[in-house]
Amino acid sequence: MSASSHALVIAGAGATGIASALAAARQKIPVLLLEKSAQLGGTVTGTLIHTLGGFFDDRGDVLNPGLSAELIERLVEASPFTCKRRIGKTWVLNVDPTIYQQVIGNWLNEYPTINIFYQTGISHATINTQRIDAVTVIGNGQSRTLNTLAVIDATGRADIVRSIDSRLVTEGSALAGLIVQLGGVSSDTLDFPKGLALLRHIWKAAENHELPPECATLWLDNGVYPDEIYVKFSFPANNYDHAQMLTVVNLLLAFLQARPGFANVFIRCQGQLGIRDGGRVHGDYTLTEADLKQGRHFDDALCRAAWPIEHWHPEHGVSLDYFPPGHRYEIPLKALKVGGLTNFFVAGKCFSAEPRAQASARVVGTCWAMGEGLINAHFGKS
Ligand SMILES: Cc1cc2nc3c(=O)[nH]c(=O)nc-3n(C[C@H](O)[C@H](O)[C@H](O)COP(=O)(O)OP(=O)(O)OC[C@H]3O[C@@H](n4cnc5c(N)ncnc54)[C@H](O)[C@@H]3O)c2cc1C
């Protein structure tokens, strides 16, 4: 892309950034998608999220048309193991994160107007009369300045907002998570009541110091393949010690190997530390817990959401606050506007919301719908 042409610049190729890029490409808007890491997919592929929430309401109907519905179709088409799954009062899409990554990679490749740059970020934004006119981009040892149509901070941690004015960001406070895929497990291992008994056995072993304390709050979930389960650890983000967690996972593996159904268990993949709340911006409007509970409608609504308030409180642990049956709420454009700038937005899990509102709106399906809704609202739906 030449320095003189204008592009939509999106920082972050997670759920939100990808949805925005696809929506813009469909409107023939040139896109520069900048990703700090070396891979696509953000938290879903990095942390290994296999239960994608926020795509369906409590009846299992798709909440938002457009890219969300199309993504579901593409994921189902790509693998016979992708399926809609009931968990408690919610519906999720059960999907292998590797399949998700392949599907979004192929999808983005359909659009030559989307230019993806890995290990690249924004080092400077040139602001004139309440607009970001240009950004300086650094990656792979190169730096260049590009003209912008608009800029979207979809970094999940409000990195671009921080670089403009760090006072516009409140640090996140939710528990972080580490997810491990185990293979070689008997398919009925987590069936009720066996799964619950196994969990209790693990928690008890942690209490008795037969397992490390990190195992005292872990959770087990069926995976995507019949021989697979996911182990989910949670802890405060600043307590994370990678080497220590490798030891914990290996001790757990040895413990499980002695249990029925686990003789052949192995680690299929260990995710990176997952940050549920990497900081939220103070936007033109802050979405509140009361807005969610009232099912508030907004004139500038971008999308619908219905996921319960799944709050991973740093001291009290996880709580799930369900809405009444059929309940929905909306996310307004003004909660994505920040700093009085007319062509700058922050979308995805770091948008402007109270902690307990973010605890619902951060799920993958809502991030997809938010990313697409933002493009349609700002550029007009074609
Ligand atoms: C442990 C854990 C479990 C979860 N479980 C579920 C679940 O079961 N179901 C569900 O629906 N949701 C779940 N979530 C939430 C959900 O996965 C995330 O909230 C959602 O994927 C966030 O999407 P995003 O696009 O806002 O950000 P991300 O997916 O985090 O994407 C941000 C991207 O920006 C990149 N980036 C960061 N800084 C920069 C920069 N300066 N420049 C360029 N790129 C940058 C990152 O590398 C990343 O690729 C979970 C989250 C965690 C942490």
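Two strands pair if DSSP finds at least two bridges between them. Helices (H or I, at least four residues) and strands (E, at least two) are DSSP runs, numbered from the N terminus. Everything shown here comes from a predicted model, in which local features need pLDDT of at least 70, side-chain atom pairs count only at pLDDT 80 or more, and totals for chains, interfaces and linings use all residues. Residue numbers start from 1 along each chain, following the sequence as written.

**View 1. Two hairpins share strand 8.** Strand 7 (residues 120–128) and strand 8 (residues 131–139) run antiparallel and are joined by 8 bridges. Here Ala125 stands opposite Val135 in strand 8. The two strands make a hairpin with 2 residues between them, and Thr129 in the turn has a positive phi of about 35 degrees. Strand 8 also pairs with strand 9 (residues 142–153), in the antiparallel sense over 6 bridges.

**View 2. The shell around the ligand draws on helices and strands.** The ligand is surrounded by 36 residues, and the closest are Gly14, Gly42, Gly177, Gly274 and Gly348. Helix 1 (15–26), strand 2 (31–35), helix 2 (42–48), strand 3 (51–52) and helix 10 (364–379) each supply at least two residues. Helix 2 gives the most, with 4 residues. By type, the shell has 12 nonpolar, 17 polar and 7 charged residues. In this count, Ala, Val, Leu, Ile, Met, Phe, Trp, Tyr, Cys and Pro are nonpolar, Asp, Glu, Lys and Arg are charged, and the others, Gly among them, are polar.

**View 3. Helix 3 meets helix 10.** Helix 3 (residues 67–78) packs against helix 10 at an angle of about 130 degrees, with their axes 9 Å apart. Axes are lines fitted to C-alpha atoms, for helices over the stretch in contact, and angles run from 0 to 180 degrees between N-to-C directions. The two helices are therefore oblique to each other, since angles under 35 degrees count as roughly parallel, over 145 as roughly antiparallel, 65 to 115 as roughly perpendicular and the rest as oblique. Leu67, Ser68 and Leu71 of helix 3 touch Gly365, Trp368, Ala369 and Glu372 of helix 10, where contact requires C-beta atoms, placed from the backbone, within 7 Å. These residues divide into 4 nonpolar, 2 polar and 1 charged.

View 4. Strand 11 (residues 176–183) and strand 13 (residues 229–235) are joined by 7 bridges, and Ala176 stands opposite Phe235 in strand 13.

Note on methods
Near = placed C-beta within 6 Å. Contact = placed C-beta atoms within 7 Å.
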